[in-house]
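This report describes one protein structure for a reader who is new to the subject. Please view the sequence and the structure together before reading on.

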Amino acid sequence: MDRIADIWGPRTPHARGTVWPARVDRHLQEGVAEEDVERWVRSACVLCSNGCGCEIAVRDGRMVGVRGVATDVVNHGRLGPKGLYGSWDWANSPDRLTRPLVRENGRLVETDWDTAMARIAEVSRRLLDEKGPLSHGFYTTGQLFLEEYYTLAVIGKAGLGTPHMDGNTRLCTATSAAAFKESFGTDGQPGSYTDIEHCDAIFLFGHNMPETQTVLWARVLDRTRADDPPKVVCVDPRRTKVAEEAERTGGVHLAPRVGTNMALMNGLTRELFANGRVDTAWVERHTLGVDDLRATVEPYTPEETARICGVDAEDVRRAARIFGESERVLSTVLQGFYQSHQATAAAVAVHNLHLLRGMIGRPGAGVLQMNGQPTAQNTRECGADGDLPGFRNWSNPAHVRELAELWNVDEMTIPHWAPPTHAMQIFRYAEQGSIGLLWISATNPAVSMPESARVRRILGGEQCFVVVQDLFLTETARLADVVLPAAGWGEKSGCFTNVNRTVHLSEKAVEPPGEARSDLDIFLMYADAMDFRDRDGAPLIKWRTPEEAFDAWRECSRGRPCDYSGLSYDKLRGPTGIPWPCTDEHPEGVDRLYGDGVFNTDPELCETYGHDLLTGGTVTPTEYRAKGPAGRAFLKGAPYVPPHEEASEEYPLLFTTGRTVYHFHTRTKTGRSRNLNDAAPDVWVELSVPDARRLGIAEGDRVRVESPRGAMEARARVGQVMEGAVFAPFHYGHWDLDEVVPEDFSRQANELTMTIWDPVSKQPYFKTAACRVVRVADGDGPAPAPTTTASRPVDPSVPPTRGGPGASTVAEVVDGFVPSYPNDPALPSGDTGHIAEVSAPGRS
């Protein structure tokens, strides 16, 4: 089976309330048969936020393939194209970093670990002496392991004492965490993937699930293609596969103008009030703020919503009616909201809909504020993104004291006098030089951050010493002062937690190449070099192995909402991942949160005291306590305000960016997979038919897109984007060009985007920039965009996207095997929910 052409694989439809059938997907390197595999090593996929349980095929000390695990609760054996083709192929690339590099006379040259680390430690000590801990900044990723994040958090907060720590999760998932805190008191997904099996309707808000989480979309399709499908409602300016499914199931496709999500959400909320579709008794018992919310949304009649958003008023009524008349609604949210104008307010508005209907904490009635990366949840839990570990509140002295006692350091060492510094501000400080050492791990901000030209100037300037640890010499690593070669997935051990809180252990399958080391070992090496000590003079970092680090984290999480105390490496070697909280009381974890209607808003428990969603102004501890939340959730609203940059006479179109199915992050791994790269080898620009016609642009013509900040050039896809909008994928840098021209950044979408961020989550806006499009030259063929996705052309003569000779995979439906998981509401009555020790394909 060619999974480039057939992205989601064969259907296994099933009725509502029954278990999703198992299907094991497998792909091996061309020329390797299953009997050639020497061993299978347990892991989970890290090429989206789904975290599918899988096993790595090993032969001759190399990774040669992957297969899904039928007994895993997340994927029931399935894998998507990225996991099948891109999870392991990069490891054998000849351009892996194998030795440390240091900059000498303007050039990066190879050196040994002692020399590289000594150079970092010398700069670090000097800056601490001259400027103190605020001279250090750390910018990490959503792709390391839990153990590595926790170690980095302890180094930064208790070793150095810097608040300048964040991850590239700020670019993709910060709004998810912020929205949970504002509504429910702490971070943490309330819903579960099992809600798909039980819901009457699925609302996808700015979530192109068919491309960003292919296995989860396969799970949705297996419900919508059964005899009793849920209705699908799609909120997206592009006609995605979600939009097609919405129309097929009797749902609605709402395509609001770029930057108007908040107005649409206010319109949907008003309809619940106006039509008496509020569970008044539940709202009174379990929430605060309903009167203020009602007043805020009152002006947004369907007609006013339609005027602002450019949607049909009757479609607004219909979508609200589906939400209001369904007993169980599952809502998912992603970058279409997070990276757009009024991000946190719009994400919180999704919670409002569920709270008004009392639809949370029971099967089929859930919210999943999705993550963009596989271990983004761990960044947030462990404190590598600047927050305090264990969802602790930086402005609660008792929470800071807990950490100080745990780490045996002075409370004042732990930075808590102000909110942690977010990524956009960290780069500003690096630009100014107040941060003199910026340590970047496993991410590529030269491509991924907004306003790329500015980021390149910051990283390449003399004012800041830049350390990069990564697998390859990325666009960012080329600008660094020291480059450290890191081990990747399959080359090290550690845990990670997916979107719906399921924890997996990923075990080391092969040795990393050359002198590459795990990110944990690199952080430990730095801690040793700096000789960080606790209050008694003992080493601050008291662990040496991933399992010891995990055990230390378990103690840090004990008693907090993300409680891992009931988990261990041995337990995670079982047939499936396990969701937190996992404790003595809940030894098999918890499928969904807030089933009792009690939220984490008690002042002694909550992670934040909250913000004004419009301005970002903070709520003081005194103000918060005066509200008396007592475990009730917050209903919060905000009026719509126009975005920072709107279409004008000079820039008449709106530029929006996004991820597509065949690529992940900045293509560091997936761009090195031949099958994935061949499916979408170069950037493209999508235009609507009316806009293309008006500008005289045909499929494949070369166009130049310009914003007030920069420009890019690409071939045009005349496709499915709404009139007035221009779409480009944001993955493409220049490392894989045949002839690298360092000054040519013309295919980076982020040349055009703005250094503007949401006032609450601090997540930058990648989807609201004004632009103009100019035709540059005739095309010599169609755009290099896939035909299998939302980027499909209107021109039917464009050849379909297919995989090459090495794209063959196996998808085996496991007849007679019914997966059984703890806490699964689809289990037959009387079943204890114990994980069955069954033998099934895809499980060694």
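## A buried glutamine

Gln335 counts as buried because its relative accessibility is 10%; buried means under 20% relative accessible area, with a 1.4 Å probe and protein chains only. The model is predicted, so local features need pLDDT of at least 70 and side-chain atom pairs pLDDT 80 or more, while totals for chains, interfaces and linings use all residues. Residues are numbered from 1 along each chain as its sequence is written, and side-chain values use heavy atoms, without hydrogens and water.

Gln335 belongs to helix α14, residues 335–338 (a helix is a DSSP run of H or I, at least four residues). A polar atom of the Gln335 side chain lies 2.9 Å from the backbone oxygen of Cys172. Beyond neighbours within four places in sequence, residues in contact with Gln335 include Leu171, Gly206, Gln763 and Lys767 (contact means heavy atoms within 4.5 Å).

## Nonpolar cores

The largest nonpolar core has 207 residues, and Ile120, Phe205, Trp439, Leu484, Tyr526, Phe655 and Met712 touch the most other members. Such a core is a set of buried Ala, Val, Leu, Ile, Met, Phe, Trp, Tyr and Cys residues joined through side-chain atoms within 4.5 Å. Helix α15 (residues 343–357) gives this core its largest share, nine residues.

Another core, of 24 residues, lies apart from it, with Met424, Ile458, Leu459 and Phe766 among its members.

## The whole protein

Buried residues make up 67% of the 844 residues in the protein. The C-alpha trace spans about 65 × 65 × 60 Å along its principal axes.

Key: Helix = DSSP H or I, 4+ residues; strand = E, 2+ residues; numbered from the N terminus. Buried < 20%, exposed > 50% of the residue type's maximum accessible area, 1.4 Å probe, protein only. Polar contact = N/O pair within 3.5 Å; in protein donor to acceptor, adjacent residues only side chain to side chain.
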